[in-house]
Amino acid sequence: MLTPDLLNFRLAQFSPYIGKPLQNRLLLVPPPGDSKIIPAKTYFDSNYLCSSLEAFAESHNIADLAIAASLWNKLYNNALIPAVLIVMTLLGIGLDTSLDNVSVVIENEAPQAIILHRLDRGTIYPPRFGQKEGSNIITITALSEFHAYIFRPLFEHLHYLINQIHALTSLSRSVMWGNTGNVCDYLYTELSNCPGKITATQEDRAMIFEQPRSPTGIGHNPLYRTVIDVSIDDSEFAKPTMVRQTCCLLFKVPHLHCCGNCPVISRDERLARAKH
């Protein structure tokens, strides 16, 4: 069966190639120290979530609750998405992120990582996983079905959270899906550096950004083209750059600024950033 030791052992070989912001997002045992651990279902209750967003906004000195919610949402995506997609792409392991299977680790009013309650609800994809270790691991041999197994609970999780935040703050759903796409873009840029994983990285990135139909097999893919390649027409710089389709709004906070892939910034500023 899938065990914490197995996942940690297999992930360790890739840690030198993955940026630190993406690491230690999936916890298989509670962390030491004073971190709060809250079941996702409790955390996303309207009253609890509203209080959490208000405390987060106050701690970050952001007056507009919707903008604070966008930053909080980015941090939540930073916790959830790497926890799921890294093991999917690099290890061929599908994890169940249903709300009842997830707790959230909170530090300084912000999400830092997730804990899965049950690994036995996971699956493996043999072309990536390799030799099957144990007879009671669910196996899926078609890549599209493997993706669907992972993205059904993941998208249900995200849809529920996004709808809750939208109801509480009026923050646009498209902004929040753009936040999810943003961390996916960064993640797959990092994973492309992992030896022997170029094909898996390309397959999964294309599924997320280039496939209009949802990987769940039902409806539209909310991550489709949330981040796109934009060519800068300049004689000194011909490399495409990645640009979000929606702005996360953080540039409206006085002490913050536009992200590097923000759609709001000018061509000249984008070119200057790309060159550096």
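This is a predicted model: local features need pLDDT of at least 70, side-chain atom pairs count only at pLDDT 80 or more; totals for chains, interfaces and linings use all residues.
**Aromatic pairs**

I began with ring pairs, and the count came to 8 aromatic pairs. I then looked up W72 and Y76, which form a stacked pair with 5.5 Å centre to centre and 5° between the planes. Both residues sit in helix α4 (residues 65–91), and because they are 4 residues apart there, about one helical turn separates them. I checked the burial of these two: W72 is buried, and Y76 is buried as well.

I next turned to Y125 and F146. Their rings are also recorded as a stacked pair, at 5.2 Å centre to centre with 20° between the planes. This pair links distant parts of the chain, the two residues being 21 apart. I placed Y125 in the loop between β6 (123–124) and α5 (126–129), and F146 in helix α6 (residues 143–169).

I found R10 over the face of F129, at 4.0 Å from the ring centre.

**Helix α3**

I looked up the length of α3 (residues 46–59). The helix has 14 residues and spans 20 Å from its first C-alpha to its last, close to the 20 Å expected at 1.5 Å a residue.

I then listed the buried residues of α3: L49, S52, L53, F56 and A57. Why do they lie on the same side of α3? They cover an arc of only 135° around the axis, which means that they share one side of the helix. My note on the background is that an α-helix has 3.6 residues a turn, so residues three or four places apart point the same way.

For the face turned away from the buried side, I noted the exposed residues N47 and E58. I also asked what the buried residues of α3 pack against. The partners are α2 (40–43), α4, β5 (110–116) and α6.

Last, I checked the two ends of α3. At the start, a side-chain oxygen of D45 comes to within 3.2 Å of the backbone nitrogen of N47. After the helix comes N61, and I recorded a positive phi for N61, near 55°.

Key:
Residues are numbered from 1 along each chain as its sequence is written. Side-chain values use heavy atoms; hydrogens and water are left out. Rings of Phe, Tyr and Trp (its six-membered ring) pair if their centres lie within 6.5 Å; planes under 30 degrees apart count as stacked, over 60 as edge-to-face and the rest as tilted. Buried means under 20% relative accessible area, exposed over 50%, partly exposed in between (1.4 Å probe, protein chains only). A charge sits over a ring if NZ of Lys or CZ of Arg is within 6 Å of the ring centre and within 35 degrees of the ring normal. The expected span of a helix is 1.5 Å times one less than its number of residues. The arc is that of the directions from the helix axis to the C-beta atoms. Contact means heavy atoms within 4.5 Å. A polar contact is a pair of N or O atoms within 3.5 Å; within protein, one must be able to donate a hydrogen and the other to accept it, and residues adjacent in sequence count only if both atoms are side-chain atoms.
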